[in-house]
Amino acid sequence: MTESKKKVLSYIDEKADVITGVSDLIWDYAELSLREFQSAELYVKVLKEEGFTVECPFDGIKTAFRASYGSGKPVIGILAEYDALTGLSQEAGATERKELVADGNGHGCGHNLLGAGSMAAAFALKKYLEEKGEGSGTVVFYGCPGEEGAATKAFMARDGKFAECDAALTWHPGNVNQVTSGTCNTCIQTEYKFTGVASHAAGAPDKGRSALDAVELMNIGVQFLREHMPDGSRIHYSITDAGGDSPNVVQPRAQVLYMVRSVWAKDALALQERVDRIALAASMMTDTKMEKKFIDGCSNTVPNKALESLLWENFHEVGLPSYTEEEVSYAKALYDSVEMKSDKLPGDAVEEDDAVYEYVDEHSKHGTVPINNFLIPYHYMEKARMGSTDVGDVSWCVPTAQINTATFPAQAPGHSWQNVSCGRTSIAHKGMLLAGKVLAAAAIDLIEKPETLKAAKDEYEKKMKRYGGYFCPVPEGAEPVVPGEKM
């Protein structure tokens, strides 16, 4: 390991109390998408104290920010998230379900760790650039709120906010140590509001125009559409307003939320147009008025082998943390609390590569260890996973790559109380600091080895030509919507 990297790692260790303190406070705040005012304020305060230039709000989003340090090229972007989830309030460190606040919020996706770990990388890269001198490069730390239901990175991508970067790096808490590869689904959410005319359902049914009928007809139309969708596409819906509780009233209002998914954004946009036409047809059949509102959208990820390989090399070089007997015992208790355990081995690539499967099978003791304290071998792939992330939109704008570190026990499912419980413990802190070190070390290589950055850029440009460029799922004029707010 070079001296410059050793200084980076030692600086993260020096700042560990600040970094874990930020993570724990944001765990306490547990603020929902686009409501992360305390979290954003905390980041702005800490980043300014560390010497960053901070812009908040950013891109017209109240809880977004941009923090930068340095000058010149290359410009390395580091991505952060910090929103929580509803219904996951949980006592920290507990090995059974114990709400702190009834029906409260919790960081079931570990975004308290995600933002703070990315901040650790930004801290270290700033320290490196200070010693390197003026004009040696720039680090930009992007505070991206509302990943859970607002997809603000996609709005920022639409507005060209990532165009300044030469590369972008990020990570996500998980129950494995790996470099992520492959792609995922594009996702578009749209809300449809139907307005009709109320009337007595028995005495004057001819005078009424049922908005609920319109929603039901729309849903039927979409069910018939399913037979004629491209393979791999998905459509989900939720009736968010059925119009009322009285069956003897012709319902004058109704509302339904739709989610359209395909791997490629251009396919998702085309499928979305078909759903829009079905909604319009439903309004015509029922003589009601239809309004639609774009909620959010995010694109599939573009894998970058050059960046992913660089992250894995640094992951391997940095090494993994060790755990105390107490930490292992706690992880085992959480592991045992998971009722519906997966029968698959951990890691994204185990089903794609026999050598990876054998390695993980051995080191996880056939998937039975309570903490996956091993680094999964890197395997590049372009296979799509069924989920969605707005990191994808960044990857269409600039070469992007990300890692997972084990901040949660093995088998802990995403968005679970087990993740919330573990997210304020030393196990989570160790994985978070590890992520910061890996990202920072890789960023230093991008600065010191321009040929590596060029390889990542060349790969990105080839893929843009191959895929036809970026089809942003966010329409012009649309603004981020606070989840749960009705039209």
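Helix α3 is followed by Gly51, whose phi is positive, near 105°; helices here (H or I, at least four residues) and strands (E, at least two) are DSSP runs, numbered from the N terminus. The model is predicted, and local features need pLDDT of at least 70, side-chain atom pairs count only at pLDDT 80 or more, and totals for chains, interfaces and linings use all residues. Residues are numbered from 1 along each chain as its sequence is written, and side-chain values use heavy atoms, with hydrogens and water left out.

Two helices can be set side by side, where the expected span is 1.5 Å times one less than the number of residues.

| Helix | Residues in it | Span, first to last C-alpha | Expected span |
|---|---|---|---|
| α1 (residues 3-14) | twelve residues | 16 Å | 16 Å |
| α3 | 14 residues | 20 Å | 20 Å |

In α3, the buried residues are Ser39, Ala40, Leu42, Tyr43, Val44, Val46, Leu47 and Glu50, where buried means under 20% relative accessible area, exposed over 50%, and partly exposed in between (1.4 Å probe, protein chains only). Their cover includes α1, α2, β1 (53-55), β2 (65-71), α4 and β4 (137-143), and a contact is counted when heavy atoms are within 4.5 Å.

In α1, the buried residues are Ser4, Lys5, Val8, Leu9, Tyr11 and Ile12. Seen down the axis of α1, these buried residues fall within an arc of 160°, so they line one face of the helix; the arc is taken from the directions that run from the helix axis to the C-beta atoms. On the other side of α1, Glu3 and Glu14 are exposed.

Two residues of α3, Tyr43 and Leu47, are, together with Phe141, those with the most contacts inside the largest nonpolar core, which has 72 residues. Such a core is a set of buried Ala, Val, Leu, Ile, Met, Phe, Trp, Tyr and Cys residues joined through side-chain atoms within 4.5 Å. Helix α13 (residues 426-448) gives the most to this core, with 14 residues. Not counting residues up to four places away in sequence, Leu47 touches Phe52, Val54, Phe65, Ala67, Met119, Phe123 and Phe141.
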